[in-house]
Amino acid sequence: MKKISLIFAALFILLLAACGNKTEEDNKTIVIGAANVPHAEILEKAKPVLKKQGIDLKIKVFQDIVMPNKALADKELDANYFQHVPYLESENKEKGYNLVNAGAVHIEPFGIYSKNYKKVSDIKKNATIQISSNSADQGRILMLLEKEKLITFKKGVNKVTASIKDIDKNPKNITFKSPIDPGLLPKAYENNEADLFAINTNYALDSGLTPTKDALILEGPKSPYVNIVAVRKGDENSVKIKKLMNVLHSKEIQNFIKDKYKGAVLPVTK
């Protein structure tokens with residue numbers, strides 16, 4: 001009986017050791033989901049810096065905007081980096097996620113592109129615009145149109161969360177085509193399926209467009225749509241996430257963003 005007890009005790013110690021090693025490994029590894037451009041590129045630059053600090057950054061690239069938050073909520077990821085705060089808030093509300101902002105990294109000025117017009121003043125009556133099916137983008141698109149006096153909002157509307165129904169005046173009678181997945185917008189632009197196209201900067205860059213050169217209308221740097229690292233609630237203060245954010249806010253990464261994207265992506269500080 002004593003021999004059996006000793007065997008169980010030894011097995012228990014081995015189990016504890018294995019759990020301890022697993023926890024230690026978890027603390028040294030960050031599995032992060034990201035959009036391809038510019039998010040994964042920025043993370044690749046941060047990877048060797050984190051390695052020197054004892055953190056192994058594993059980057060999983062996603063091509064859509066639906067799966068990264070689901071994967072994070074399902075604990076398949078430790079963090080994700082692809083979205084802005086309004087989108088995170090809408091996802092939490094609609095899908096019951098408990099995800100939080102661990103820190104801002106960069107702003108991607110949103111652009112409206114056109115093959116048919118070189119200047120805003122050239123836009124004709126009854127022009128068509130193709131927009132994203134991402135509801136969190138609609139207010140952002142409408143604010144760009146408002147900036148150029150192409151529309152006005154109804155009185156008292158929260159512009160950040162506004163939608164097409166919140167338009168008051170549309171003097172050029174711009175027609176909004178049925179929204180499509182944001183990842184399909186560059187292809188629609190290439191095929192010239194409308195007069196105007198509202199394209200997220202990461203998709204524009206990924207398709208070879210240069211926002212600062214090719215956009216007919218481009219968002220300014222003062223935007224509520226800053227791109228963030230998201231984590232499950234409670235993880236934002238973990239040592240490894242703090243190390244990640246410190247590296248992403250470092251001068252090295254900020255200078256990389258400035259040099260590589262030439263104003264199409266703008267770094268933010270803490």
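A residue counts as buried when its relative accessible area is under 20%. Keep that cut-off in mind for the tour. The model on your screen is predicted.

**Stop 1: the whole protein**

Show the chain as a cartoon. It has 10 helices and 13 strands. Now show the C-alpha trace. Along its principal axes, the trace spans about 90 × 35 × 35 Å. Colour the buried residues next. They make up 46% of the 270 residues.

**Stop 2: the largest nonpolar core**

In soluble globular proteins, nonpolar side chains tend to be buried together. Select I32, I42, L43, V229, L244 and L248. These residues touch the most other members of the largest nonpolar core, which has 29 residues. Which elements each supply at least two residues of this core? Four are strands: strand 1 (29-35), strand 3 (79-84), strand 4 (99-107) and strand 12 (226-232). The others are helix 2 (36-52), helix 9 (239-248) and helix 10 (251-261). Helix 2 gives the most, with six residues.

Now centre the view on V229.

Then look for a second, separate core. This one has 23 residues, including Y117, V120, I174 and I217.

**Stop 3: helix 2 against helix 9**

Hide all but these two helices. Helix 2 and helix 9 pack at an angle of about 115°, and their axes are 10 Å apart. The crossing is right-handed. Show the side chains that make the contact. From helix 2, pick I42, L43, A46, V49 and L50. From helix 9, pick K243, L244, V247 and L248. How many of these residues are nonpolar, polar and charged? Eight are nonpolar, none is polar and one is charged.

**Stop 4: V247**

Stay in helix 9, where V247 has its place. Is V247 buried or exposed? Its relative accessibility is 3%, so V247 counts as buried. Bring the rest of the chain back. Beyond its neighbours within four places in sequence, V247 is in contact with A46, V49, L50, Q53 and I253. Now draw a distance from V247 to L218. The two are 29 residues apart along the chain, and their C-alpha atoms are separated by 28 Å.

**Stop 5: the aromatic rings**

The protein has four aromatic pairs. Start with Y189 and F197. This pair is edge-to-face, at 5.6 Å centre to centre with 90° between the planes. Y189 and F197 are buried. Ring pairs link Y113, Y189 and F197 into a cluster.

Finish at F256 and Y261. Their ring centres are 6.3 Å apart. Why is the pair called edge-to-face? The planes of F256 and Y261 meet at 85°, and an angle over 60 degrees counts as edge-to-face. Now use the cut-off from the start. F256 has 19% relative accessibility, so F256 counts as buried, because the limit is under 20%. Y261 is buried too, with a relative accessible area of 6%.

Methods. Residues numbered from 1 in each chain as written. Predicted model: local features only at pLDDT ≥ 70, side-chain atom pairs only at ≥ 80, totals over all residues. Heavy atoms only, no water. Core = buried A, V, L, I, M, F, W, Y, C linked by side-chain atoms within 4.5 Å. Buried < 20%, exposed > 50% of the residue type's maximum accessible area, 1.4 Å probe, protein only. Axes fitted to C-alpha atoms, helices over the stretch in contact; angles between N-to-C directions. Left-handed = near helix turned anticlockwise from the far one by under 90°. Contact = heavy atoms within 4.5 Å. Nonpolar A, V, L, I, M, F, W, Y, C, P; charged D, E, K, R; others polar. Phe/Tyr/Trp six-rings, centres within 6.5 Å; stacked < 30°, edge-to-face > 60°.
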